[in-house]
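These are my notebook entries on a structure that I went through element by element. The record follows, and my entries come after it.

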Amino acid sequence: MNREAFLEAVRLLLALDRELVAITFNSLRFALASTAIAAVISTPLGVLIAFREFAGKRLLVSAMHTLMGLPTVVVGLLVFSLLSRSGPLGGLGLMFSPSAVVIGQSVLALPIVLSLVYSGLSRLDPELRETLVTLGASPVQRTTKILREGRIAVASAILTAFGRVVGEVGTAMMLGGNIRWYTRTITTAIALETQKGAFALSVALGVVLLLVAFGVNFGLNYLIRFRGGTA
Amino acid sequence: MKKVQRTMITGFWVLLAGSMAWATGTGERQEVERLVLATTTSTENSGLLEELLPPFEEEYGVVVDVIAVGTGQALEIGRSGDADVLMVHAPALEAEFVAEGYGVERVYFMYNDFVVLGPTSDPAGVRDARDASGAFGAIAEAQAPFISRGDNSGTHVKELSMWSAAGEADVAGAGPWYREVGQGMGAVITLANEQQAYTLADRGTFLAYQGDIDLEIVHQGDPELFNPYGIIAVDPQRHPHVKVELAQALVDYVTSAPGQAIVDEYRIAGEQLFFPAVE
């Protein structure tokens, strides 16, 4: 809106303003934790689905792909109704806490990692698994080998999920409540604080978020080229 | 080249695993006690809470988590047990909340008033109105753009009662000039300013925003526009987990002489935003 605000934003960035750093920290923390949870759950599942044939597999796969597009506010609403004190998991007392945000963002990240791991691994040679079985590899050895072969796909999946959750605002707002120094993230701060006159801080946070997003996409691009180069 | 790439990929995995472990490990810090305060947006947007809360936090060694929403939503958060204490400004809704057993007691602790904001040119001629219902009547008559909070907040409730007083009971369907936006006070003032529309605001938030907007007060001073704020501890009989003692300590603090003095002394650009209500 005005020049002073932009100059102030630059100053905040250069001086590593305490609040700017704390908010950025929160955003990265929540997104990393939820992506980690999603990766731990979804990667083995992705391997399983990619290398097994079973009834209803096609249905499951299309359900997975559909869930990649889960609207963030719907996830927010769903998790809100579970975690609120008057909901079934209310006794945990997690509403409006970092944990609540991480749970919501994990729900968002899960189908993304799952779908992308699955797609990436199903492009591997289908005979790989049979060969491994013939060679007498144990299930753990087989999975390890498959994941080694498909490591770039797994990395891309995790990075994509991270990029999505770090920039989402719906669940972070509904489940975290934008509490200063506690659950305020880059996106909720920009969405809510801009109107309260914290324009410079919003601009500075916007720059940080852009850098994170560019970093994620640069990484993805690098991984894809790397896969192309050595496959 | 191959080696460089290998190192980079390994580095990526190490970095990823490390940062994820760190993020998951620091997920929740429970060493400090936290008190959840659900509040109307005006107390937060105006900057009052940043003055009022720190002495309390210091004295009791707690962190007050402020969730700034409309009064209607703040009361809902209290009903579902997701907050320990509420700071709101819709006396009728507050009385209902306490009567239903969700609140211990509604304690009146400060006030200001509502003002009607509008463009300097005042196309609806609101300045000529003799009282608040006349002001709202003039806006409806002219079908001049009006931004409504539309979020069941204290301001929204007051606004609807003013439309009723002006004989416009079903204003929600009155036409495109009446715009419900479902946002907080600060956002609504900003929006009204962008659209050069009329709106109803509490004086505190208006004063906090005054420097950044062109809108002016086009009507004020009618006793109907009085705006009392209450603080309510959520009743542990409904929600046994709430921190009622701390909540009650906050109630006592804001009604104490030091708390009231902070309310009384809070100024933006030399103007007083809120007035202490405890004698």
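**Entry 1. Strand β3 of chain B.** I looked up the pairing of strand β1 (residues 33-39) of chain B and found that β1(B) and β3(B) run parallel, joined over 3 bridges. I take two strands as paired if DSSP finds at least two bridges between them. Helices (H or I, at least four residues) and strands (E, at least two) are DSSP runs, numbered from the N terminus. In β3(B), M87(B) is the residue opposite T39(B). I then noted that β3(B) also pairs with strand β9 (residues 226-234) of chain B, in the antiparallel sense and over 4 bridges. Here L86(B) faces I232(B) of β9(B).

I asked which residues cover the two faces of β3 (residues 85-88) of chain B. V85(B) and M87(B) lie on one side, L86(B) and V88(B) on the other, and all are buried. A residue is buried if 20 or more other C-beta atoms lie within 10 Å of its own, exposed if 12 or fewer, and partly exposed in between, with C-beta atoms placed from the backbone.

**Entry 2. Basis of the values.** The model is predicted: local features need pLDDT of at least 70 and side-chain atom pairs count only at pLDDT 80 or more, while totals for chains, interfaces and linings use all residues. Residues are numbered from 1 along each chain as its sequence is written, and chains are lettered from A and ligands numbered from 1 in the order in which they are written.

**Entry 3. Chain B overall.** I recorded 11 helices and 12 strands for chain B. Its C-alpha atoms fill a box of roughly 80 × 55 × 40 Å along the principal axes. Of the 279 residues in chain B, 47% are buried.

**Entry 4. Domains of chain B.** Chain B is divided into domain 1 (33-112 + 227-276) and domain 2 (113-225), with bounds from an automatic or database domain assignment. The C-alpha centres of the two domains are 25 Å apart. I found 23 residues of domain 1 in contact with 20 residues of domain 2; contact requires C-beta atoms, placed from the backbone, within 7 Å. On the domain 1 side, α2 (41-45) and α4 (71-79) of chain B each supply at least two residues. That side has 9 nonpolar, 13 polar and 1 charged residues. Ala, Val, Leu, Ile, Met, Phe, Trp, Tyr, Cys and Pro count as nonpolar, Asp, Glu, Lys and Arg as charged, and the others, Gly among them, as polar.

**Entry 5. Nonpolar cores.** I define a nonpolar core as a set of buried Ala, Val, Leu, Ile, Met, Phe, Trp, Tyr and Cys residues joined through C-beta atoms within 7 Å. The largest one has 131 residues, and V113(A), I67(B), V85(B), L86(B) and Y198(B) have the most contacts inside it. The helix α5(A) gives the most to this core, 15 residues. Domain 1 and domain 2 of chain B both contribute residues, so this core lies between them. Apart from it I found another core of 12 residues, including I23(A) and A189(A).

**Entry 6. Chain A against chain B.** I found 26 residues of chain A in contact with 24 residues of chain B. On the chain A side, α2(A) gives the largest share, 5 residues. The residues of this side divide into 12 nonpolar, 10 polar and 4 charged.

**Entry 7. R130(B).** Is R130(B) buried or exposed? R130(B) counts as exposed because it has 9 C-beta neighbours inside 10 Å. I located R130(B) in the loop between β4 (103-118) and α6 (132-142) of chain B.

Definitions and conventions. Two residues are in contact if their C-beta atoms, placed from the backbone, lie within 7 Å.
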